[in-house]
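My entries follow the order in which I looked things up.

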Amino acid sequence: MSTNVLKKITAVTAGILFMGAVLAADSGMTAFQDGLTAYSKGQWDSAVFLLKKAAGYPENFNPDTYYMLITSEVYAGDNPEALDDCDIFLENFPDSLLKPRVDYLKGRILYSLGEYEKSIIILSDFCHEYDSDEMYSYALFYIGEALYAGYRYDEASSIYERVVTDFPEAPKATAAQYRLDSISQRSREEKLLYLLKQTGEEYLFAKEEYEKQLRMYNSESVASTKQKLLDAQRKNQDLEEKILELENQLTQIQSDYDVKKQEYEAALKEAQNKNKPIESALEKTSPASEDDITVQQLKLKAELVKSLLYGQMSE
């Protein structure tokens, strides 16, 4: 093959490679622009698809593309994918100015996925490293939420107290106060339930003693037995009154809680207007119910205790 022919082949090959590179660059730019358009319009599923496609081109493999991709996935409700892309971002762009946001998002996404211990670690690191960041109060609150979800109420209380005390104007201050009220109510209810159970057991013992004395009185009719009978009867009445008082206290606590819940829900609507849009998207999949599952469980326990007591008393 002649030298001229080789030169021509080389030139054609170089031209094809150059055109391929130009077309690839054009395709990458087009994919990014299409993804950006979908993102700006809030078309999250399309934005995810297009930005993932764009990120596959070297010229688009950058912090901006991945941050928009992560937030699009959050808005689209695809938290597992968003978590994976947070890891890609943090591994490849550790010096980006967007890193604090991605650190926070990773912690929040882990919380939304029920990975409470991992969420606490990530959000705690965020708070330690970025103590002046505008998302600090949010991160602090969700550390409390993760502790609360793991039944670590004492630790959660101290975190909620910090939110309420140090950030009284923060959007999450209302929710933190609500959690503190819930934990306080839970503690009071459990104490009352314990007293109710103890009093019920005393009542049953006194009732048995009264019936025993009554049988002895019917058979012997002695003065001392009559006095014991009267004492047992009086003790029964005292215990019945105590049980009634405890039940009234439980009812009052629940009534007070219902009032606080209504106040909280009204304040929440106002606070939500201050939330960051991405925060609102994450809250849609948050496992922590504002109806407070723990309170419902306490109600069931109270009903169980009362049904057991009254079932035994009627026998």
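Entry 1. I began with α5 and helix α7 (residues 136-149), which pack at an angle of about 25° with their axes 11 Å apart. I note that the model is a predicted one. Angles under 35 degrees count as roughly parallel, and α5 and α7 are therefore roughly parallel to each other. I also looked up the hand of the crossing of α5 and α7, and it is left-handed.

Entry 2. Which residues of α5 and α7 meet? I found Y104, R108 and Y111 on the α5 side, and Y138, A139, Y142, E145 and A146 on the α7 side. Sorted by class, this contact of α5 with α7 holds six nonpolar and two charged residues, and no polar ones.

Entry 3. Helix α5 covers residues 99-112 and helix α6 covers residues 116-129; their axes come within 7 Å and cross at roughly 155°. Angles over 145 degrees count as roughly antiparallel, which makes α5 roughly antiparallel to α6. The crossing of α5 and α6 is left-handed.

Entry 4. I then listed the residues that make the contact between α5 and α6. From α5 they are K99, P100, D103, Y104, K106, G107, R108, L110 and Y111. From α6 they are Y116, K118, S119, I122, L123, F126 and E129. By class, I recorded eight nonpolar, two polar and six charged residues in the contact of α5 with α6.

Entry 5. How many salt bridges does the model contain? The count comes to 11.

Entry 6. The side chains of K52 and E73 meet in a salt bridge, with N and O 3.5 Å apart. K52 lies in helix α2 (residues 44-55) and E73 in helix α3 (residues 63-75), so this pair ties together parts that are 21 residues apart in sequence. Is E73 buried or exposed? Its relative accessibility is 0%, so E73 counts as buried. K52, at 35% relative accessibility, counts as partly exposed. I also noted that K52 and E73 belong to a network of salt bridges that links them with E81 and D85.

Entry 7. D103 and K99 are four residues apart in helix α5, so about one helical turn separates them. Buried means under 20% relative accessible area. D103, at 12% relative accessibility, therefore counts as buried, and K99, at 17%, counts as buried as well.

Entry 8. My last pair was D166 and R162, a salt bridge in which the closest N and O atoms are 3.9 Å apart. Where do D166 and R162 lie? Both are in helix α8 (residues 153-166), four residues apart, about one turn of the helix. D166 has a relative accessibility of 45% and counts as partly exposed. R162 is partly exposed, with a relative accessible area of 35%.

Definitions and conventions: Residues numbered from 1 in each chain as written. Predicted model: local features only at pLDDT ≥ 70, side-chain atom pairs only at ≥ 80, totals over all residues. Heavy atoms only, no water. Axes fitted to C-alpha atoms, helices over the stretch in contact; angles between N-to-C directions. Helix = DSSP H or I, 4+ residues; strand = E, 2+ residues; numbered from the N terminus. Parallel < 35°, antiparallel > 145°, perpendicular 65-115°, else oblique. Left-handed = near helix turned anticlockwise from the far one by under 90°. Contact = heavy atoms within 4.5 Å. Nonpolar A, V, L, I, M, F, W, Y, C, P; charged D, E, K, R; others polar. Salt bridge = Lys/Arg side-chain N within 4 Å of Asp/Glu carboxyl O. Buried < 20%, exposed > 50% of the residue type's maximum accessible area, 1.4 Å probe, protein only.
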